[in-house]
Amino acid sequence: MNAITSAVWSRRPQTSVRIVDAHAHAGPYSLFFIPEASPDAMVRVMDRCGVAHAVISSHLAIQLDAAAGNAATAEAVGRAPDRFTGYLTVNPWQDPDGELARWGDDPRFGGIKLHPDLHDYPLTGRRYAGVWEFARRTGCPVLTHTYDGSPYNDLDEVDAVAAEHPDVVIIAGHAGATPLGFDRAVEVAQRRPGVILEVCGSFNTGPDIARMVRELGPDRVVYGSDFPFIDLRISLGRVIFSGLAETDQAAVLGATMTRLLQWRSGQG
Amino acid sequence: MLIDADAMLGRHPRRDTGTGSITEALDRMDRFGIAEAVVSHTLSWLHDPATGNRELLDLVAGRPRLRPCWVMLPDTCGETGTPAEFVAAALAGGVCAVRAYPADHGYDLAGGDCASMLAALADAGLPLLVDAAQAGWPTVESVAAAHPGLRVVVGGIGYRQLRQAAGVLSRTGNVHLGLANLSSHCGLEWLVDRYGAGRIVFGTGAPLRDPAEAVTRLLWAELDDADVAAIGSGTLLGLLPVGAV
């Protein structure tokens, strides 16, 4: 039993590792009821478990309105900058270059979020050209939704954009999302050094996460929860009980993502 | 104490979940501090309920930490005997719950085909376990209303079904929710606040699901220790047939 599992069993927040949630949202979502979707409630849950920081894109931004939603993300980060960093959501149908220009230099944002499935637009599409150019120029990581078999963000699309943009850090959200998707995500990440696997979703397990780390290394796998879309504790528990060595676990839980968020400090 | 009301033995054809052996199940329970588990067998789910039910009893014989859970069918084709025969054999074998797969096994749980079997389960005090994807909420509500003495535990809620689950919980007193993949953000606390810990049953969904999910969700819940204890084992123990506790 390590310090984190001991904290779980004793029902107290963990304090031994800096945990950074690499895949989070905020706010309500029309498809289903979320009891407490506000950023304030999210911070309360983070405190309950000992999660230091979360990288968020508002549900408004990914679901309906990138401009209004990015403003909501910025506001949430501005109210709790020590707890949140923003993902700038780029919707290919809603002035993608304008959103990049509007928020690209804003330090409240530390990454770009793409959700091809929600926007019915392929990850390889030309409307995302500005995203890849911005990410290549700045080092800003790009989190994309992935789902095995999707017409828009299957692992083949991740492979294609990673091949075309080898200098860009691409975080594959959900790591393919299904057992077959996990296998294919590992294969893509082995071919493309810029690809990082993020592990939230409904079907991942601790053994699958441990295998990703064995195959790729702890600097290529990051913890995310998708909260408040999904409860934060579901994915967090998988990583905590995955059996990873403590240094590897610390990397997956937060150290690797912390490093990926440092890109602005390298800019003149 | 944790009692897992949603566990499975046996292999799975579409996922690497190990061999599904007793040894693996007990090792997993030890790793997650789970004292006992209510177990079904994939042979009953994914091949032949009658054979799987019989073999499950042989497998768990002499294993007091594993409580057998049979899989039911409608008695229309006589595959598992009459409802009276099925229930009598279940109780004689120490079966403590019965699981249904109406979607996978091709029948209507709420229709006339299952009415006599469900009535027999209710009379015997055997709870019915069914995943949300197998039945759907209108079916769950119909079954609960038609058989008010039947305790129903709906598992595999996921994070998209609180609107439907809440309606059924509000209109019934004999429907409970399993914790396996009950993954709405803050949903557990919301449900306990509205309906009480007595409507929630700990379960992991292992080995298809990682027990780490349910264990972490429960222990790090924003609930007091009494509610956690109730969900961990108390609620389930209150649902089991007399003599099984």
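This is a predicted model: local features need pLDDT of at least 70, side-chain atom pairs count only at pLDDT 80 or more; totals for chains, interfaces and linings use all residues.
Residues are numbered from 1 along each chain as its sequence is written, while chains are lettered from A and ligands numbered from 1 in the order in which they are written.

Chain A holds twelve helices and eight strands, these being DSSP runs numbered from the N terminus, with helices (H or I) of at least four residues and strands (E) of at least two. Its C-alpha trace spans about 50 × 40 × 40 Å along the principal axes. Of the 268 residues in chain A, 57% are buried, a residue being buried if 20 or more other C-beta atoms, placed from the backbone, lie within 10 Å of its own.

Turning to the two chains together, 30 residues of chain A are in contact with 21 residues of chain B, where contact asks that C-beta atoms, placed from the backbone, lie within 7 Å. Helices H1 (3-9), H2 (39-49) and H11 (232-240) of chain A each give two or more residues to this side of chain A, and H11(A) gives the most, with six residues.

Finally, in helix H10 of chain B, residues 187-195, the buried residues are Gly187(B), Leu188(B), Leu191(B) and Val192(B). Seen down the axis of H10(B), they fall within an arc of 130 degrees, so they line one face of the helix, the arc being that of the directions from the helix axis to the C-beta atoms. Just after H10(B), Gly196(B) takes a positive phi of about 90 degrees.

Key:
A residue is buried if 20 or more other C-beta atoms lie within 10 Å of its own, exposed if 12 or fewer, and partly exposed in between; C-beta atoms are placed from the backbone.
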